[in-house]
Amino acid sequence: MTDFLVKRCIKDYKQVEDAQVRTAYGTLSSIVGIICNVILFCAKLLIGLLAGSISVMADAFNNLSDAASSIVGLVGVKMAEKPADKDHPFGHGRIEYISAFIVAFIVIQVGFSLFKTSVGKIFHPEDMTFSWIAIVILILSIGVKLWLALFNRKLGKRINSKVLLATSTDALGDVIATSSTILSMAVYGILSVNIDGIVGIAVSLVVMYAGLNIAKDTLAPLIGEAIDPKLYREITNFVESFDGIEGTHDLIIHNYGPSRSMASIHAEVPNDVDIEVSHEIIDRIEREAGRRFGMLLVIHMDPIETHDQRVQEFHQMVKEVLEELDSRLKFHDFRVVYGKDHVNLIFDLVVPREYNEAVQETLKTKISAMVRERDSRCECVITAENSFLAEE
């Protein structure tokens with residue numbers, strides 16, 4: 001069903017890196033969500049009124065909030081499609097994240113309102129009416145919500161959209177909520193015990209939890225996320241695959257909305273190669289990276305020594321020291337400056353994020369001491385920094 005809708009409703013649906021195609025995916029998800037949730041709201045509200053069940057009506061209004069969320073999402077997707085202008089040179093893609101955060105707030109608010117109503121029902125319970133028709137319709141609604149969850153998950157993975165993946169999680173929360181409602185009605189029908197208010201509280205907590213998860217997932221790219229290790233390896237391996245590039249470091253990616261990213265990376269080039277030759281290679285890599293990854297990649301050249309045997313020996317010595325201290329330690333921008341009576345080993349040290357400033361200073365002192373033990377002429381000039389890579 002999902003593939004059928006995608007093929008019928010989205011032109012060039014395989015071009016998922018294209019901004020207009022991504023918008024079409026988001027629009028399809030929103031429209032399907034609005035239609036399904038409005039139908040479920042009407043059906044559940046009618047059942048809740050006939051059965052006198054607060055948990056059923058709570059579930060109904062949860063679906064109504066989902067429909068409202070889909071509308072907000074649709075508006076957000078359309079606004080995010082706006083091209084760059086003089087005030088927003090990187091486009092409006094982050095509006096998609098902002099709209100998803102509004103959706104999260106709506107979901108949390110609905111859940112809180114249901115919580116207050118359910119607490120009131122515990123202290124002032126009302127009679128319920130058991131109905132097999134209501135049970136059947138609620139079971140069908142579970143099927144619809146489960147399909148919606150799988151539908152949005154598939155679309156979300158296809159276009160790498162946190163918003164659609166969050167919507168999928170919300171739909172799975174609705175499956176749990178509706179299942180709890182069925183439990184409430186079944187217990188009343190079999191045992192004549194009214195647990196409607198208690199189940200209503202459980203439903204409201206599930207709704208609020210789903211809202212908090214959506215908020216967390218959508219705030220992360222707005223605040224700034226660490227680089228996904230898989231994407232990090234793809235980009236660094238791509239750059240290092242070109243002849244004339246000896247290594248890379250300091251990859252940074254800025255997200256300006258789904259499929260709207262800008263990145264920078266330092267590429268190490270031999271210092272004995274003509275700068276115009278290296279510059280031509282860098283330009284070619286930037287152009288091909290734009291086509292391959294759909295992002296603006298800016299590359300900074302770092303000239304390094306590749307033939308001096310003494311420099312290579314010093315480099316290997318520092319590498320062995322770092323391996324002995326912590327295998328996670330990395331270094332780059334290694335330079336050797338010879339003095340009259342000593343040798344300066346200058347490099348940037350990449351440390352794990354849990355290393356605070358005091359630990360970093362202690363570490364630098366220890367590295368310098370261990371290097372001097374191996375070669376008393378050496379003095380280390382170290383600049384410590386954290387990686388932008390997410391830990392696996």
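What follows is a walk through a predicted model, from its confidence to its helices and cores.

Residues are numbered from 1 along each chain as its sequence is written, and side-chain values use heavy atoms, with hydrogens and water left out. Because the model is predicted, local features need a pLDDT of at least 70 and side-chain atom pairs count only at pLDDT 80 or more, while totals for chains, interfaces and linings use all residues.

The pLDDT (the predictor's confidence in each residue, from 0 to 100) averages 85 over the protein, and 97% of the residues score at least 70. Helices (H or I, at least four residues) and strands (E, at least two) are DSSP runs, numbered from the N terminus.

The unreviewed UniProt entry marks residues 31–54, 60–77, 97–115, 130–150 and 197–215 as "transmembrane region". Such positions are given in the numbering used here, with shortened feature names, and the annotations may be inferred rather than shown by experiment. In the model, residues 60–77 are 100% helix and 0% strand, with 26 Å between the end C-alpha atoms. Residues 97–115 are likewise 100% helix and 0% strand, and here the end C-alpha atoms sit 27 Å apart.

Leaving out residues up to four places away in sequence, Ser65 touches Ile106 and Val110, contact meaning heavy atoms within 4.5 Å. Ser204 lies in helix H7 and is buried too, at 0%. Beyond its neighbours within four places in sequence, Ser204 is in contact with Gly111, Leu114 and Phe115. Leu205, also in H7 (residues 196–223), is partly exposed, with a relative accessible area of 46%. From Leu205 to Ala177 is 28 residues in sequence and 9.2 Å in space, C-alpha to C-alpha.

Helix H8 (residues 229–240) has 12 residues and runs 16 Å from first C-alpha to last, close to the 16 Å expected at 1.5 Å a residue; the expected span is 1.5 Å times one less than the number of residues. At its N-terminal end, H8 is capped by Asp228, with a side-chain oxygen 3.2 Å from the backbone nitrogen of Lys230. Pro229, Ile235, Thr236, Phe238 and Val239 are the buried residues of H8. Their cover includes strands S1 (247–255), S2 (261–270) and S3 (295–304), along with helix H9 (275–293).

The largest nonpolar core has 23 residues, and Phe314, Phe334, Leu345, Phe347, Leu349, Ile367 and Val371 touch the most other members. A nonpolar core is a set of buried Ala, Val, Leu, Ile, Met, Phe, Trp, Tyr and Cys residues joined through side-chain atoms within 4.5 Å. At least two residues of this core come from each of helix H10 (309–325), strand S4 (330–338), strand S5 (343–351), helix H11 (357–374) and strand S6 (378–386). H10 supplies the largest share, six residues. Setting aside neighbours within four places in sequence, Val371 is in contact with Met317, Val321, Leu345, Cys378 and Cys380. Apart from this core lies another, of 20 residues, including Ile265, Ala267, Val269 and Ile281.

Definitions and conventions: Buried < 20%, exposed > 50% of the residue type's maximum accessible area, 1.4 Å probe, protein only. Polar contact = N/O pair within 3.5 Å; in protein donor to acceptor, adjacent residues only side chain to side chain.
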